[in-house]
Amino acid sequence: MSEIDKQANSLRRQAAKTRRFIALQEDYRVRLRELFAAEGRYYSDAIDSLTNELARATATEHGVASKVAEQEALFRDATAAARAAEEELTTLRRLHAENALARDRAERELHYQSEQLQALGSRLESLRAERMAIGERIKLADSEILRLRQEEERECAESDASRSLLAEAESQWSEKLTAAKDVEERLEAVRASLIQQTVAIERFDELRRQLNLNSDRLNERLKSLEAERHRAERSTIEHRQEAQRFESELRTENDKLKRFSEEKAEVILAAASAREKLKAAEEALRRLREELSAKKNRLETLQELEETKAVYYPQVQRLFAEQKMIGVSPAGVLADHLKVDETAEQAIEALFGPFLQAVIVNSQAESEKAAAWAKEQGIGRVSILALDVKTLSGPKARTVPGTIAALLGASEGLIKKLTEIFPRELNAKFVDTITGTLSGEDGIVVSSSGDVAIAGGLFVAGTVKNEGKNSSLLAFKRELAGLADSVDELGSDVIAAEEELEKSRLALVEQEEKTVDLQSLIIKVERGLVALEIQQKANLQEIERAERHRGIVISEYEQVRAELEQIEDRLALAASGEEEAVVRRLAVESELDEVSRELEAARSRADADAVIVNERRTNAATSEERRRSVAFALRRLSDERADLGNRLSMNENEIDETDENILRLRSSIDEIAGRIASAPDEVVDEEESLGTALAGVAAARTAADAASDELAELNRRAAEAINARSHIEVNKTEAVTELRNINERCQQELNRPLAELVDEVEVPADFDLETSRTSVEDQRRRLEGFGAINMLAVEELAEAEERLDFLTSQRQDIIDSIVSAEEALREIKVRSRARFKEAFEAINANFSEFFSELFGGGKGEMSLLEADDILEAGIEIVAQPPGKRLQNILLLSGGEKAMTAIALVLAIFKYRPSPFCLLDEVDAPLDDANVGRFVSKIAEMAEKTQFIVITHNKRTMEAARALYGVTMEEAGISKIVSVKFD
């Protein structure tokens, strides 16, 4: 109830805060709609204006480009004519080289075929000699096959005779083995009798060992009882000392509880201070994140322009886009590798102009590929700078102060390359103004505003049209690099602010954890105080229990001494029985020796016959092996004879093929000798045609060079037109990017396209964009400063109030139910006490009866230990066997304890019988007299309960109606055997 009431109060505060937040949010959305609509119209108008300017610049560019295209067509025709002449010359040279190669190949072929002819003659003679040798070997193989067939017939006859002798010897040996087996059976019977006597001796020995173990165990028990008495006395003293210690600890814990409570109040004040610091750190982090977000957006816009190469000439953009197809790997443009100060940017651009967009490649071969591609595509002029790209990342160059080279901030390798290409520009002097700087000396002076003065009277001054944001390539690169550094620096500041925020949060958490820890310690100390009080009370009970235990130990000590005297008498009986079993075992051992000698004689006779059998078996195996060896040799020789026949046939075929090859080679040699004789006339004709082709190539190259010079002038004019158009495209791209960003923010924050918003919202004539942006940002900060807002607080408040009303009615119902449940529990306890008392009295009466019957007298009973509630009282069993005084069951012997436990189990079963009862070796510690009384009582109780007894006692087995045993007739295989006596 209290929790729901607190929750309802909290929701009322949240609902009020939510209503204020919604009102402010609606006003914010209205102002945001006006701002997005005004910005959309502003950037749309700017894009339209830039589109018109771009169309005019494009028209100018196309006019120059058409002239360039015409000149390029003339240049291509001249180049194609020169290339055709060069290709014709190349073809002619290739044909001459092929003819020379063919003549050389013919001479080598003539030499090779002559050597091959000599080798075939030698091979023919060796084949004829081999044919004669194979014929001689075939005759020898035929005679050897005949001899082996005769020897095989002889060995088969000897093998049959050896097998018949072996069968006769094996028959005689089998008769001797049968006689030896009969003697072995007699020996096994005598051994069984010996084992029986040995088992009897071992059984008596085991009985003596068990009695000795019992004697040792009882002696140990005497020692332990003596030690137990001393421990009981020490325990009493220790418990009294514990009582004093508990009183001291109680005083200490009370002091500790007071100290912890004071420390908790101090920690609560520190936590409030840490919470204020955390709030200030969160505000600082929010401001840094807003600044970082604004710079990231600007950086992404510039990076998009850089990635799309939109700030470069169109032909440069296409070169980067198709670099894989061209086969080049540009390392950027020249402006990428210059680090120019802002004050010198206009001076550098005035001197280098379009060359700042020169594409850097790694080798002269790549520059030629790029130049060829630009000519083929007809896209205009492209500046390409070939140098080793590794030099771009080298150390900064050392230059003359005050020169343009000192302002480039480039590597030593790049400065060296640029000095070779632009010697006058790199040595130009940099000044604030060009007024009065030149006095006729040879050189160039450039000012920070981009004005240029060249010795001899040439001045270049004024401003470039359409200058604006990102109109300068160097300014664009500088802003891009600066923004990246600013973003990294702000990122580090944000990380530092986050770390400071985390430290403040950890400090607050630490104070809160200290509060929780102190509260836990206070609770722990309070619980410890309660535990100490309980332990002090229990210690007093332990003192009383230790005194009672000491008396029980002394009584049990006397009983153990009496049991030791009984064990001595049983040891004497076991020794006499063992002596009789030893005499009987000696007689059986004598008979075993006599039968063993007979068995040894029978086995000797069988072994003699076994030697004969083994000898004849060896002879038969040897004869069979000789027969198989002859058969194998015969098969091997037959295979060799067939192989020799095949080799002879192959030899004759090879002789015929060699004769045919010799005739073919002689014809080929005559033909090659004829071609070699006509070679000198062909060489003279080839030299004349080569001279004519060289003259044609020189004329075509002269015409192509003239066309190239005219095309270079037109490309320079086209580059200037492209540069003007590129500035307009950059400005337009920025406007389009800004408009797209505004559209995305509008879609994210208002979930509406910007175009619809521009059409619907009417912007006042005196609307100011900057003022509106400031107002919107203030409202955004106010909204973010609201903190966590529960937008469902109003609905949750209604649900909580409804649930509070419901729980109020339910609480009253529960109180009424508790009253009725307590009444029912009281009634259950009254009935339980009555039933427990009835069952205890009945079982106690049965226990006394069964105790007297099993012990043949005596007295046994159960008593309840003192307790406030009979259901929580303990039960103590007191037994008095015949001839002994009344004592606790712990002081009885093992057999007496077993009999007492059996009496208790039977008493419980008599009060409430069960269909089955399983007793596992409960008669093991009982003597014969007690086993008889135990068996008779089980038989009496078996009328209502079926008893299953696991036992090794013969008297218990004799009283059973059915026996089940487990035997192992074969090693590792168990078998169940059952006997029923009904």
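User: What is the relative accessible area of E921?
Analyst: This is a predicted model, in which local features need pLDDT of at least 70, side-chain atom pairs count only at pLDDT 80 or more, and totals for chains, interfaces and linings use all residues. Residues are numbered from 1 along each chain as its sequence is written, and side-chain values use heavy atoms, with hydrogens and water left out. Buried means under 20% relative accessible area, exposed over 50%, and partly exposed in between (1.4 Å probe, protein chains only). E921 counts as partly exposed because its relative accessible area is 36%.

User: Where does E921 lie, and what is its phi near?
Analyst: Helices (H or I, at least four residues) and strands (E, at least two) are DSSP runs, numbered from the N terminus. E921 lies in the loop between β10 and α15 (928-941). E921 is a residue other than glycine with a positive phi, near 55°.

User: Which residues make the nonpolar surface patch?
Analyst: Patches are made of residues with over 30% relative accessible area and no salt bridge, where like charges are joined within 9 Å and nonpolar side chains (Val, Leu, Ile, Met, Phe, Trp, Tyr) within 5 Å. Areas come from the Shrake-Rupley method with a 1.4 Å probe, and for residues only the protein chains shown count as cover. A salt bridge is a side-chain nitrogen of Lys or Arg within 4 Å of a carboxyl oxygen of Asp or Glu. The nonpolar patch, of about 400 Å², is made by F916, L918, I948 and I950.

User: Which elements give two or more residues to the nonpolar patch?
Analyst: I948 is found in strand β11 and is partly exposed, because its relative accessible area is 42%. The elements that give two or more residues to the patch are β10 (916-920) and β11 (946-950).

User: Which helix gives the largest share of the negative patch?
Analyst: Asp and Glu count as negative, Lys and Arg as positive, and His and the chain ends are not counted. A charge is placed at NZ of Lys, CZ of Arg, CG of Asp or CD of Glu. The negative patch is formed by E291, D485, D488, E489 and D493. Its largest share, four residues, comes from residues 473-677, helix α9.

User: Is S411 buried or exposed?
Analyst: S411 is found in the loop between α6 (404-407) and α7 (412-421). Leaving aside neighbours within four places in sequence, its contacts (heavy atoms within 4.5 Å) are T391, L392, G394, P395, K396 and A397. Its relative accessible area is 6%, so S411 is buried.
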